[in-house]
Amino acid sequence: HAEMATVPLGFNIDTPRWDQNTFVGRLKHFLNITDPRTVLVPEGELDRAKALVESCRAGLVPPGSSQEQLLYAKKLYDSAFHPDSGEKMNLIGRMSFQVPGGMALTGCMLQFYRTVPAVVFWQWVNQSFNAIVNYTNRNAASPISLRQIGVAYVTATGTALATAVGLNLYTKRAPPLLARWVPFAAVAAANCVNIPMMRQQEIINGVTVTDGDNNELGHSRRAAAKGIAQVVVSRITMAAPGMIILPIIMERLEKFPFMQRIRVLHGPLQVLLCGGFLLFMVPAACALFPQRCSLALADLEPELRDSIVTKHGDKVPYVYFNKGL
């Protein structure tokens, strides 16, 4: 083993670089870890980043390691490894893959919305992608069985298809712009089903809640419900601008003669524009709520609240937990 040096005084690699109590601080944090360029980093470099972060946590780093190198290693670690388990996440499920993956799928859903077979195919592909993302970013402290994953996947896909196909038939006589908004309605409806179903163990058994110093206090189902509701809002917000504003832009553009001559490029153009929206919206939606979510003691289940008050008196006004992404 090479000689190791001690970590610079006062440097803690797990302390976020930006204030996580403000939206701007969280936005900078998520712009950093959802950076789509990290998807291209080779596996070996990710493993080296993980080793560097772990040795830094142990208080030792290779001599000559600059703070910048340590922070870049942490960025790679955060983008590719699960915050609870430390396991490497599959590429498709990472938040840093949301921009390239999401832009291709959203572009295709917005472009091919006119026929039922195209709607069925693209909504199915999108829900398969969502299922992988939701499973990858779950709160890893709550294991989920393969059967539960299957039920969640089938239910969410069924919801998306029923919404999309039903609304598609309903909007046949409506203004053309309404038909273009059908994919968004389907995606929003599916998110309301997919995320709670994928994370049902948290709702059934509760998530671990801690005090301000990370001491475990018990498990709360109400905390789980709050965390999951925030994630649903974040995911719908992530998709909304691209899927609501882009159809208006395309509706206007397609009236121009030059756009009618280049019909074959409409699909690629929508995909690129979706990418532009998602580059900003993925970190902005993740930053809407703090990752370390809090809940007032008064809002907990009565039995958990009583046990905390019995042990700690009025020293714990709020409990904290990881809401997942």
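**Helix packing and domain contact**

Colleague: How do the axes of H10 and H12 lie in this model?

Modeller: In this predicted model, the axes of helix H10 (residues 221–253) and helix H12 (residues 266–286) come within 9 Å and cross at roughly 150°, where axes are lines fitted to C-alpha atoms over the stretch in contact and angles run from 0 to 180 degrees between N-to-C directions. Helices are DSSP runs of H or I with at least four residues, numbered from the N terminus. H10 and H12 are therefore roughly antiparallel to each other, a term for angles over 145 degrees.

Colleague: Which residues in H10 and H12 meet?

Modeller: Among them are Ser234, Ile245 and Leu253 in H10, and His266, Phe277 and Cys286 in H12, with contact meaning heavy atoms within 4.5 Å. The residues of this contact divide into 16 nonpolar, 5 polar and no charged, where Ala, Val, Leu, Ile, Met, Phe, Trp, Tyr, Cys and Pro count as nonpolar, Asp, Glu, Lys and Arg as charged, and the others, Gly among them, as polar.

Colleague: What about domains, and how much do domain 1 and domain 2 bury between them?

Modeller: The assignment, automatic or from a database, gives domain 1 (5–81) and domain 2 (95–322). They bury about 1,100 Å² between them, 74% of it on carbon and sulfur atoms, buried area being the accessible area (1.4 Å probe) lost on putting two parts together, summed over both.

How values were computed. Residues are numbered from 1 along each chain as its sequence is written. This is a predicted model: local features need pLDDT of at least 70, side-chain atom pairs count only at pLDDT 80 or more; totals for chains, interfaces and linings use all residues. Side-chain values use heavy atoms; hydrogens and water are left out. Helices (H or I, at least four residues) and strands (E, at least two) are DSSP runs, numbered from the N terminus. Angles under 35 degrees count as roughly parallel, over 145 as roughly antiparallel, 65 to 115 as roughly perpendicular and the rest as oblique.
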